[in-house]
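The plan is to jot down each thing I look up, one after another.

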Amino acid sequence: MLEAPRLLLAAFSLGLALLALLLLRRSGWVFLGWNELILHPIHNLFMGDSKEQRILRNVLQHAVAGDPQSVLETIDAYCSQKEWAMNVGDKKGQIVDTVVREQCPSVLLELGAYCGYSAVRMARLLPPSARLLTIEVNPDYAAITQQMLDFAGLQDRVTVVIGASQDIIPQLKKKYDIDTLDMVFLDHWKDRYLPDTLLLEECGLLRKGTVLLADNVIFPGAPDFLAHVRRSSRFECTHFSSYLEYSQVVDGLEKAVYMGPGSPAQP
């Protein structure tokens, strides 16, 4: 008589476990919270270093020096199998590759370097004469990015700038000798996407044809940025649906081509 309740309890427990696993894989905030607030602090405590340092160490140990593709593949393998990290990742990275190849930018700005994954990804596709500036507010992340670029052999194509985007953008023309930008990759704080887009325009850094490519516009999301560029006559937009890096959480990138000064955004 006791066998049936035990089987029911086992089935119920299994169902709860499967539901939890499904939520973890598909619910963005549950997925992010589990990794960033639980797993990574535990790893940091026991390992005595940071996730970002472990990613760099893994690259130095297992990737091929001077081979950007090897660096990317090593990071992707580590972050998909061991520790999740907020790189653009391999799936969305292919979209980034396509846009960079289509635009062939001579001057490219990245907002948010993190560990240097996207800087390596984009710089490997640029001609030797092109310039990529990547702005990172966290000095520790900026140092890791520089080491990643040095190891990949791309240090001559990329300049790592430490500081807040709103402080650095107004300095780009005079201090960094930039006239206008061919492409901007936005992958920093999502609430800075719109203010920094407006600041880039205000500082005269956008020209007709400048491409803005924004990551994570669905999750965690940048609704004010999307609303602005999609309803403004100054931008032509294309959305690329995809998934949050190393997960099954729905995400996407937005490509907004600046068409020059025009009618203001409609309310």
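How many salt bridges does a search of the whole structure find? I get 15 salt bridges, a salt bridge being a side-chain nitrogen of Lys or Arg within 4 Å of a carboxyl oxygen of Asp or Glu.

Some ground rules before I go on. This is a predicted model, where local features need pLDDT of at least 70 and side-chain atom pairs count only at pLDDT 80 or more, while totals for chains, interfaces and linings use all residues. Residues are numbered from 1 along each chain as its sequence is written, and side-chain values use heavy atoms, with hydrogens and water left out.

**Entry: salt bridges**

Side chains of opposite charge can pair when their charged atoms come close. I started with D49, which forms a salt bridge with R57, and their closest N and O atoms are 2.9 Å apart. I looked up burial as well (buried means under 20% relative accessible area, exposed over 50%, partly exposed in between, with a 1.4 Å probe and protein chains only). D49 has 15% relative accessibility, so I put it down as buried. R57 is at 33%, so it goes down as partly exposed. I also noted a network of salt bridges that links D49, R54, R57 and E83.

Next I checked K92 and D251, a salt bridge with 2.7 Å between the closest N and O atoms. This pair links distant parts of the chain, with K92 in helix α5 (residues 89-103) and D251 in strand β7, 159 residues apart.

Then came K255 and E102, a salt bridge whose closest N and O atoms are 3.7 Å apart. K255 sits in strand β7 and E102 in helix α5, so this pair ties together parts 153 residues apart in sequence. K255 counts as buried because its relative accessibility is 13%. E102 comes out at 53%, so I wrote it down as exposed.

**Entry: A256**

I stayed with strand β7 (residues 250-258), where A256 has its place. Is A256 buried or exposed? A256 has 0% relative accessibility, so it counts as buried. Leaving out residues up to four places away in sequence, I find A256 touching T210, V211, L212, V229, F235, E236 and C237 (contact means heavy atoms within 4.5 Å). I also looked up R234, which is 22 residues from A256 along the chain, and their C-alpha atoms are separated by 9.2 Å.

**Entry: aromatic pairs**

I count three aromatic pairs in the structure. Rings of Phe, Tyr and Trp (its six-membered ring) pair if their centres lie within 6.5 Å; planes under 30 degrees apart count as stacked, over 60 as edge-to-face and the rest as tilted.

One of the pairs is Y114 with Y141, edge-to-face, at 5.0 Å centre to centre and 85° between the planes. Y114 is in the loop between β1 (107-111) and α6 (117-123), and Y141 is in helix α7 (residues 139-152), 27 residues apart. Y114 has 6% relative accessibility, so it counts as buried.

Another is Y193 with F225: the ring centres are 5.7 Å apart and the planes at 85°, so I call the pair edge-to-face. Y193 lies in helix α10 (residues 193-202) and F225 in helix α12 (residues 223-231), so parts 32 residues apart in sequence are tied together. Y193 and F225 are both buried.

**Entry: empty space**

Rolling a probe the size of a water molecule over the atoms shows where empty space is left. My terms are these: on a 1 Å grid over the protein atoms alone, a cavity is a set of points where a 1.4 Å probe fits but cannot get out, and a pocket is an open set with protein on both sides within 12 Å along at least five of seven lines; lining residues have an atom within 4 Å of a point. Grid points are joined across faces, edges and corners, and a volume is the space filled by probe spheres set on the points.

I find one cavity of 30 Å³ or more. The largest cavity has a volume of about 40 Å³, and its lining includes Y114, M86 and D187.

The largest pocket holds about 740 Å³ of space. I count 30 residues lining this pocket, with M86, D187, H188, W189 and K190 nearest its centre. Helix α2 gives the most to that lining, with three residues.

Methods. Helices (H or I, at least four residues) and strands (E, at least two) are DSSP runs, numbered from the N terminus.
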